[in-house]
Structures are given as C-alpha cells and as structure tokens.
Amino acid sequence: FFFLMIRRPPRSTQSRSSAASDVYKRQNTAQQDEELNFDVLFSKVTCRILEHHSTESRNSQKVDKILMGLLNLCEKILLVKPDLKQTYGDPEQKNFLTNLFKTCLFEISNTQMRLSDFTDDVDSKSAERDYVKCKSQESRNSAYRILKVMCHQCPQNIKVLIQHGFLPLMERLPQITTWGYMPKLDVKSTSGYIGLRNLGCICYMNAMLQQFFMTPTFRYAILMASDKKEENIVLKDNKFQIDDNIFHQLQKMFGFLDLSDRQDYNPFEFCFAFKDYSGQPVNVSVQQDTQEFLNMIFDKL
C-alpha cells in the first residue's frame, strides 16, 4: 500500500504531495514491481469489492469508507498495471467489469425479491444489501472512474460494457413522459420514510394507511400472510394491467413503503382494487369519511 501511495501520489497541494514525490523519485520501481504481485493483489481487491456489504443508503449522506478505499485502490492498481484491464474485463475470464457495473452502479438483473425469502429472524432491511453497493455520489464517482480506466484504450472492454451493461440497462429504463424530469427530486426523505401520493381527495385514505404501516406488528403480519389466491389481472384504461385484489395491493404498498428508495408511492392500483359497497373503485375526486374507510378495509381484509 505504501508503494502504491508513492507510485501514484494523491492529488493535493504541492506542499502536501512533495514529500511523497521525493520518496517516489528515489525508488527503484523495477525492483518494487518484482516484489509486489499486482495480479494477486488486484484479485483480492476485486473480490473484496464484490463481497462487501455496503453501509450506504440513498436517504443518508453517509459514505462507506471501506468501500471507497477498495474502489480507489482498485483504480490505482489499474493505472500502475494497465495490462490487467483486458483479463478482468473479459466475461470469459475474471468478468470484473460487468460485475462492477451490475453490483455497484446499476441493478439490471431480472430477479425479484419475494416475501418468502425472509424469515422471522431476518430483517427485511437486509434486502438493501442486494441492491447496488454505491449509493453515495462519492462512491459512485469512484466506480465510474474504474470503468473509465478499464475502457481507456481498450476496445474490447468498451464492447463488453455496452453489450453486458448499457444495453440491458436501457431495456429496463422507464419511459419518461413528463417535462423537467429530475431524479434527485424523487428520492426518499432523509428521515427514511416514504409518502403516499395524494391523487386528489384521498388524504383520508392515505393518513389511515400510513398509520397501518407505522404499526410494525400489523405491517409485517400483512406482508407475511397469504390469501392463497392467484393474481387477478385486469386491464384498466386499455393500458394498465392491475391485480384486482385489495389484499395483494396492500402488501405491495407496504413493501414499497418499507424498501423503496423513491420519494413516494402512487396508490392508483390500490384505489382501483378497493371497491365500495356497490362494487365501484375509489373515486379519488370525492372526499370520504375516514371511519367509514377504516370499517370497509377491515371488512375486506
């Protein structure tokens, strides 16, 4: 590690880096290269990155210093030994380039988290560990720099990154139809909680549902329960496929409120599945009585 520091001094003021530069000039770099096996070191660092359980979250300014150190060390090794780029970028060999893109920056797998994956002794918050590791701006920038170094003057890695990274990511990106789209304005509050979007006059419903959610015993009892019914998929407005089951929709809502990184949850599917005594979906333009909603939802549950 000391050799890496003097080989690639950190960018800082001249006064702070001059000492490291002086030491670097006095080193016999050829001899040092023989003593340090960069291939073994880089292999260990990349494994640590992929196995590391990140402590970062999107609703916090906390930076995972251990993850940052591993990413920065990885970048420095690649700058010292650029011949490692091709081996660790090749999907048939180390495949680190694709794994870094998928595990640290973008979740592009087709796997879905199921409630049955959790047991009574496992906190659902552990699901966040299966999400991308780099959530802070600092760690994401470090991961991007590694991609940049691995693709610099390496057409093979550029092709791999496009085929196994960007193209699958583009297929999963939602189509944005609104003006002035700014993802930073749609992130979870720093308090760690998610809101329910008011679609009109459903504040009476949202307030009660949030109270249900803020009762952990009730919340997790709903999430762990099963009505042993298949999804009742219906077509709404000839474009939305909705599971017309109020219990399934409540489970979906609680799951999003518990684990999502978004600012709020849109309950339009819940409003469609929740029928009044005449069998009609909720009219989001009509204010109703909270106690009546409370009685109705417990009758249906």
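1. Axes here are lines fitted to C-alpha atoms, for helices over the stretch in contact, and angles run from 0 to 180 degrees between N-to-C directions. Helices are DSSP runs (H or I, at least four residues), numbered from the N terminus. The model is predicted: local features need pLDDT of at least 70, side-chain atom pairs count only at pLDDT 80 or more, and totals for chains, interfaces and linings use all residues. Residues are numbered from 1 along each chain as its sequence is written, and side-chain values use heavy atoms, with hydrogens and water left out.

2. Take H4 and helix H5 (residues 65–80). Their axes come within 10 Å and cross at roughly 150°. H4 is therefore roughly antiparallel to H5 (angles over 145 degrees count as such). The crossing is left-handed: the near helix is turned anticlockwise from the far one by less than a right angle.

3. Contact means heavy atoms within 4.5 Å. On the H4 side, the residues touching H5 include Phe38, Leu41, Phe42 and Arg48. H5 contributes, among them, Ile66, Leu70, Cys74 and Val80. The residues of this contact divide into 13 nonpolar, 1 polar and 1 charged (Ala, Val, Leu, Ile, Met, Phe, Trp, Tyr, Cys and Pro count as nonpolar, Asp, Glu, Lys and Arg as charged, the others, Gly among them, as polar).

4. Now H4 (residues 38–51) and helix H7 (residues 96–105). The axes come within 10 Å and cross at roughly 25°. The two helices are therefore roughly parallel to each other (angles under 35 degrees). The crossing of H4 and H7 is left-handed.

5. Thr46, Ile49 and Leu50 of H4 meet Phe96, Asn99, Leu100, Thr103 and Cys104 of H7. By class, that contact has 5 nonpolar, 3 polar and no charged residues.

Definitions and conventions:
Angles under 35 degrees count as roughly parallel, over 145 as roughly antiparallel, 65 to 115 as roughly perpendicular and the rest as oblique.
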